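Welcome, and please open the model in your viewer. This tour tells you what to select at each stop and what you will find there.

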Amino acid sequence: MKLLPRLALYGLMTVLIAGFFTVSASASSLPGDSLYGLKLSWEQAQLALTFDDDSRQELEMEFEDERLEEVESLLGEGREEDVEFHGLIESKSDGTWVISGIG
C-alpha cells in the first residue's frame, strides 16, 4: 500500500476513534458542561435515524427521563443552569414549583 492512502486511512481511523470517545464522554455531561451540546446533538441524530414510530416514542421518553435526571443532578450539586424539560406540574407555592417530582 502506498504511503498517502495509508496515511489517509490512519487519519480517518483516528478521527472516528476520537469522535467515538468524545461522544461517549458527553453522555454523562450536564447542562452548562462543555460537551452538553454534543450530547443533545447526538440524541437528535439518533431520533432522526429512528424511523419506527414505537421505537422513536420510546427513545423520546428515554431522553425526557434523562432530562429529569440531569435536573436532579444539578440540584444535588447545587448548580444553577437554564434547562428545558417537560413534565407534570404537581404543585406551585411560594415561588417553588414541583414538576414530575422535582422541586
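Start with the salt bridges: a search of the whole structure finds eight of them. A salt bridge here is a side-chain nitrogen of Lys or Arg within 4 Å of a carboxyl oxygen of Asp or Glu. Before you zoom in, note that this is a predicted model, where local features need pLDDT of at least 70 and side-chain atom pairs count only at pLDDT 80 or more, while totals for chains, interfaces and linings use all residues. Residues are numbered from 1 along each chain as its sequence is written, and side-chain values use heavy atoms, with hydrogens and water left out.

**Stop one: K39 and E66**

Select K39 and E66, which form a salt bridge whose closest N and O atoms are 2.7 Å apart. K39 sits in helix α2 (residues 36-48) and E66 in helix α3, so this pair ties together parts that are 27 residues apart in sequence. Helices (H or I, at least four residues) and strands (E, at least two) are DSSP runs, numbered from the N terminus. Is K39 buried or exposed? K39 is buried, with a relative accessible area of 5%, and E66, at 24%, counts as partly exposed. For these words, buried means under 20% relative accessible area, exposed means over 50%, and partly exposed lies in between (1.4 Å probe, protein chains only).

**Stop two: E43 and R67**

Next, select E43 and R67, another salt bridge, with the closest N and O atoms 2.7 Å apart. Because E43 lies in helix α2 and R67 in helix α3, the pair ties together parts that are 24 residues apart in sequence. E43 counts as buried at 7% relative accessibility, and R67 is buried at 11%.

**Stop three: E60 and R56**

Now pick E60 and R56, a salt bridge with its closest N and O atoms 3.7 Å apart. Both residues lie in helix α3, four residues apart, which is about one turn of the helix. E60, at 36% relative accessibility, is partly exposed, and R56 is partly exposed at 30%. Which residues do salt bridges with shared partners join into one network? Select K39, E43, E66, R67 and E70 to see that network.

Patches are made of residues with over 30% relative accessible area and no salt bridge, joining like charges within 9 Å and nonpolar side chains (Val, Leu, Ile, Met, Phe, Trp, Tyr) within 5 Å. One member, E62, is found in helix α3 (residues 53-77) and counts as partly exposed at 46%.

Then select L3, L7, L9, Y10, M13 and I17, which make a nonpolar surface patch of about 600 Å². Accessible areas come from the Shrake-Rupley method with a 1.4 Å probe. M13 lies in helix α1 (residues 3-26) and is partly exposed at 42% relative accessibility.

**Stop five: a loop and a hairpin**

Move on to H86, in the loop between α3 and β1 (89-93). H86 counts as exposed, at 54% relative accessibility.

Finish at β1 and strand β2 (residues 96-99), which pair in the antiparallel sense over four bridges; two strands pair if DSSP finds at least two bridges between them. Select S93 and you will find its bridge partner, T96, in β2. The hairpin has two residues between the strands, and D94 takes a positive phi near 50° there.
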